[in-house]
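Work through the exercises below with the model open beside you. Try each task before reading its solution.

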Amino acid sequence: MKGMKIAYITSQTPYGKGEQFILPEILEVIKKGHDVVVIPVRPEKEIALGDEPKEVAKFTMHIPLLSLNLILKSFLIFIKHPLRVVEIIFKILRHSGSLGKILKNLLIIPKGLVVSEILKKRK
């Protein structure tokens, strides 16, 4: 049986200390032969201390929350798929609730667009 392809979207893992509980799960899934990629929303510069974060880092995509390169790539995606992006924005406006949540969710759109393209290419 061929392994599954699994993407873990984390807050910061393997950076930061807040999600240490997920590290053993990720390593076990990898050990079982699955193709894993970890994508932290807010990656930091340094990997958290310990062997598990270092091992998980080998399967992690370090994509900043915001950068000029990310903005340019997301703009190109918007040009290719404007209706999809506008639909995402309307869903955020309709379902996020408070203004703070709306702003946080809008802030993540560029990274979400770029990550979705990367994952599509990886099938």
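**Exercise 1: a surface patch**

Task: describe the nonpolar patch formed by L66, I71 and L107.

Solution. L66, I71 and L107 make up a nonpolar patch on the surface, with about 240 Å² of accessible area together. Areas come from the Shrake-Rupley method with a 1.4 Å probe, and for residues only the protein chains shown count as cover. Patch members have over 30% relative accessible area and no salt bridge, and nonpolar side chains (Val, Leu, Ile, Met, Phe, Trp, Tyr) are joined within 5 Å. A salt bridge is a side-chain nitrogen of Lys or Arg within 4 Å of a carboxyl oxygen of Asp or Glu.

L66 has a relative accessible area of 44%, so it is partly exposed (buried is under 20%, exposed over 50%, partly exposed in between).

This is a predicted model: local features need pLDDT of at least 70, side-chain atom pairs pLDDT 80 or more, while totals for chains, interfaces and linings use all residues. Numbering starts from 1 along each chain as its sequence is written, and side-chain values use heavy atoms, without hydrogens and water.

**Exercise 2: the fold**

Task: how many helices and strands does the protein chain have, and in which pattern?

Solution. Count six helices and two strands (DSSP runs: H or I, at least four residues; E, at least two). Then read along the sequence: β-α-β-α-α-α-α-α.

**Exercise 3: burial**

Task: what share of the protein chain is buried?

Solution. Of its 123 residues, 33% count as buried.

Note on methods: Buried < 20%, exposed > 50% of the residue type's maximum accessible area, 1.4 Å probe, protein only. Patch = residues over 30% accessible without salt bridge, like charges linked within 9 Å, V, L, I, M, F, W, Y side chains within 5 Å.
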